[in-house]
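Here are my notes from going through the model, point by point. Have the structure open while you read.

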Amino acid sequence: MDTEGFGELLQQAEQLAAETEGISELPHVERNLQEIQQAGERLRSRTLTRTSQETADVKASVLLGSRGLDISHISQRLESLSAVTTFEPLEPVKDTDIQGFLKNEKDNALLSAIEESRKRTFAMAEEYHRESMLVEWEQVKQRILHTLLASGEDALDFTQENEPSYTGELGPPGRSSLDSMEMVYARQIYIYNEKIVNGHLQPNLVDLCAAVAELDDKNISEMWAMVKQMTDVTLVPASDALKVRTNMEVRMEFVRQALQYLEQSYKNYTFVTVFGNLHQAQLGGVPGTFQLVCSFLNIKLPAPVPGLQDGEVEGRPVWALIYYCMRCGDLTAAMHVVKRAQHQLGEFKTWFQEYMHSKDRRLSPATENKLRLHYRRALRNNTDPYKRAVYCIIGRCDITDNQSEVADKTEDYLWLKLNQVCFDDDGASSPQDRLTLSQFQKQLLEDYGESHFAVNQQPFLYFQVLFLTAQFEAAIAFLFRMERLRCHAVHVALVMFELKLLLKSSGQSAQLLSHEAGDPPGVRRLNFVRLLMLYTRKFESTDPREALQYFYFLRNEKDSQGENMFLRCVSEIVIESREFDMILGKLENDGSRKPGVIDKFTSDTKPIINKVASAAENKGLFEEAAKLYDLAKNPDKVLELMNKLLSPVIPQISTPQSNKERLKNMAHSIAERYKAQGISAKKSIDSTFYLLLDLITFFDEYHAGHVDRAFDIIERLKLVPLSQDCVEERVAAFRNFSDEIRHNLSEVLLATMNILFTQYKRMKGTSPTTPTRPQRVMEDRDSAEIAVSPDCSAGNHGCSNSPDSDAHLRSQARALITFAGMIPYRTSGDTNARLVQMEVLMN
């Protein structure tokens with residue numbers, strides 16, 4: 001029985017196990033007792049955590065419910081918040097939903113307008129920012145360009161000797177920054193301008209500047225002699241300097257003047273050489289160039305030189321005599337030698353006569369071709385260098401031969417090549433026989449350049465090379481880069497500018513020396529305005545009078561905006577030096593103007609003073625600008641700026657030497673003078689100015705503790721209402737006030753409410769305190785009467801401590817509160833809170 005029972009039980013167990021394994025939804029549990037215990041502990045801990053969270057929710061509901069907040073309602077509101085963006089497209093509606101369609105269209109139109117406005121606003125902001133950046137960058141570029149040694153590609157050649165900066169080292173305050181040479185030059189410029197301004201005949205600026213050279217070294221004297229020689233040309237009528245300078249007649253004149261200068265210089269050199277060696281020179285015979293050259297050759301060629309041809313004249317080589325007579329510029333003396341040796345020279349006498357008597361020292365084309373053919377056949381490889389040189393000069397041939405055996409110095413080379421320069425394009429000359437002035441200029445400036453001429457050791461030599469080849473702008477720009485020679489370069493530029501020979505840059509942003517599109521090849525332009533401003537920068541802060549003399553040369557120049565450069569420079573120097581009274585004049589107490597330095601240059605000073613005032617205003621120097629506009633008799637701008645200056649300081653406590661005290665005295669002085677002279681500005685500006693002055697008086701009385709005086713002033717000003725009947729009227733009037741008045745409204749309201757609160761406390765017999773200010777005794781030092789509003793002043797000049805008086809003060813306070821809430825102006829929350837608090841304390 002027992003065996004059957006256990007067998008049956010085993011069978012049931014196996015059946016149950018089989019059924020359990022057949023159910024796939026349930027996992028098969030294979031855990032021991034310890035694992036089951038650990039799983040139970042984990043489930044218990046989770047249950048406890050959930051319970052603590054629910055407990056925390058209950059505690060939060062109790063806490064917030066005690067403060068009147070419904071946590072369940074807040075949770076629902078938070079869950080209902082949508083994370084979609086404001087300008088997300090609206091959901092489409094059904095075609096039959098007309099109301100929904102119209103609402104959708106309306107919302108779409110509004111959103112489109114808002115989005116379009118937003119895009120336009122951002123675009124405008126970007127554009128304004130870009131324009132502002134461009135303007136600022138342009139100013140920065142100007143400052144950078146004015147600091148660099150801008151002279152072409154080698155502007156920053158660090159191998160050059162160190163040169164001081166353009167600004168130089170400024171001396172102590174009050175001491176001139178000009179050295180002795182610059183002072184002498186400045187004196188000559190003053191004399192020149194003085195005659196121009198006074199309407200006298202225009203003096204010769206070259207002579208004035210050359211007089212300075214007599215005080216200095218030989219190089220400066222020779223430089224000014226060269227400038228005087230090169231500028232003594234006859235100019236052709238033309239509309240601008242470029243047409244003058246590119247005119248063939250003028251260019252030929254430049255070459256002739258350069259040759260005359262070189263020839264005269266060499267003649268002076270021979271004089272010095274001969275008279276310095278009289279024993280060796282053996283000077284004698286008839287005085288003249290021929291005897292001078294003969295004596296010079298005794299020194300130059302003391303021994304016979306092999307290879308010289310065609311005999312001698314008085315024991316000197318023929319061709320050497322001819323060459324040096326020509327080099328001294330005396331063709332007559334050269335002709336004398338030719339005649340004496342004509343039997344050995346063949347046809348040369350005929351050619352030389354034609355060359356000597358021609359206007360521009362040029363043979364006829366037929367004779368020139370004949371001479372060139374003879375040179376190529378018989379003389380190209382001749383052993384006599386003087387003969388070859390003379391033939392190359394007369395026939396203007398073989399320009400590739402520099403004749404270095406004869407022309408061993410730079411001046412000789414220049415003279416030789418300038419004699420070979422031709423201007424007419426006959427088309428018959430081969431390239432090796434044709435040298436134009438432009439080609440020669442390019443060769444000297446670009447091919448050879450500064451490195452070839454060792455400019456650091458001989459700066460005047462390179463200046464001479466460029467100047468004698470009519471490259472005036474390049475010569476000036478080069479000399480300007482040398483600190484010790486800068487003043488000479490500037491005054492050479494002034495001479496060329498006054499003679500209308502200077503080619504100026506069309507824009508001020510250009511380099512000091514530049515080539516502009518459309519100009520002929522080889523033409524350079526000088527940034528004259530920039531050159532002058534760079535020069536004056538050194539001393540304009542210490543010597544503004546002298547700087548003005550130089551700026552006067554810019555009176556007819558315009559900047560890129562069309563603004564007069566003289567006015568612009570004057571405004572900048574006045575603002576930089578702050579010498580307003582000395583330069584522009586001073587306003588006397590009676591309103592008359594004491595003349596300044598600027599009066600010497602123009603009789604109508606108003607445009608200049610207005611320009612300086614405008615520049616000062618743009619820089620934020622409102623106080624100086626107001627004084628300058630006052631000097632220029634511009635009352636509208638004076639009062640407009642005074643309103644801007646007074647508005648921020650009105651509520652401040654006035655103390656000696658304070659900003660408010662100074663501005664207040666200035667404003668009262670202007671007001672008294674305008675009243676005495678009957679001067680007035682625009683009505684709106686005028687009324688704002690005098691209202692601001694009254695508000696200054698109001699706050700001065702208020703801060704001094706004179707509450708009744710202050711109340712009387714604010715009552716007469718009718719700026720704020722003191723009764724409910726006047727509120728709407730004052731609100732309507734408030735719309736007409738300027739921003740300078742509106743910005744002070746909060747302080748006016750607080751001060752007026754403080755006065756009312758003080759009067760209320762006085763009536764109650766307690767010390768006047770305010771909840772937001774330190775305690776202060778507010779007592780009237782002149783009158784014991786309590787000021788009241790017009791409603792009670794008619795019948796009662798002193799308010800007693802009565803319920804009616806208390807009610808009246810509270811009514812005035814209530815009017816102020818109403819007014820503060822109705823005006824279309826946003827006052828600070830603190831102001832409103834303090835007003836309401838004081839009004840509550842009075843109730």
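1. Start with lysine 370 and glutamate 347: their side chains meet in a salt bridge, with N and O 2.9 Å apart. Lysine 370 lies in helix H16 (residues 365-379), while glutamate 347 is in the loop between helix H14 (342-345) and helix H15 (348-357), so the pair ties together parts that are 23 residues apart in sequence. Bear in mind, here and below, that this is a predicted model. Lysine 370 counts as partly exposed, at 44% relative accessibility, and glutamate 347 is partly exposed as well, with a relative accessible area of 41%.

2. How many salt bridges does the structure hold? The count is 37.

3. Another one to click on is aspartate 207 with lysine 228, where the closest N and O atoms are 3.1 Å apart. Aspartate 207 has a relative accessible area of 34%, which makes it partly exposed. Lysine 228 comes out at 43% and is also partly exposed.

4. Now look at glutamate 483 and arginine 486, whose side chains form a salt bridge at 2.7 Å, N to O. Is arginine 486 buried or exposed? Arginine 486 is buried, with a relative accessible area of 5%, because the cut-off for buried is under 20%. Glutamate 483, at 21% relative accessibility, counts as partly exposed.

5. On to the second largest pocket, which has a volume of about 830 Å³. Its lining is made up of 27 residues, and Glu222, Tyr261, Ser265, Glu411 and Gln464 are the ones nearest its centre. By type, the lining residues divide into 12 nonpolar, nine polar and six charged.

6. Which helix gives the most to the lining of that pocket? The answer is H9, with nine residues. Helix H7 (218-231), H9, helix H18 (410-420) and helix H20 (459-468) each supply at least two residues of the lining.

7. With a relative accessible area of 45%, leucine 278 is partly exposed.

8. Last, a leucine in another setting: where does leucine 722 lie? Leucine 722 is in the loop between helix H32 (707-717) and helix H33 (727-734). Despite its place in a loop, leucine 722 is buried, with a relative accessible area of 7%. The C-alpha atoms of leucine 722 and arginine 814 are separated by 8.6 Å, and the two residues are 92 residues apart along the chain.

Definitions and conventions: Residues numbered from 1 in each chain as written. Predicted model: local features only at pLDDT ≥ 70, side-chain atom pairs only at ≥ 80, totals over all residues. Heavy atoms only, no water. Buried < 20%, exposed > 50% of the residue type's maximum accessible area, 1.4 Å probe, protein only. Helix = DSSP H or I, 4+ residues; strand = E, 2+ residues; numbered from the N terminus. 1 Å grid on protein atoms, 1.4 Å probe; cavity = no way out; pocket = protein on both sides within 12 Å on 5 of 7 lines; lining within 4 Å. Points joined across faces, edges and corners; volume = space filled by probe spheres on them. Nonpolar A, V, L, I, M, F, W, Y, C, P; charged D, E, K, R; others polar. Salt bridge = Lys/Arg side-chain N within 4 Å of Asp/Glu carboxyl O.
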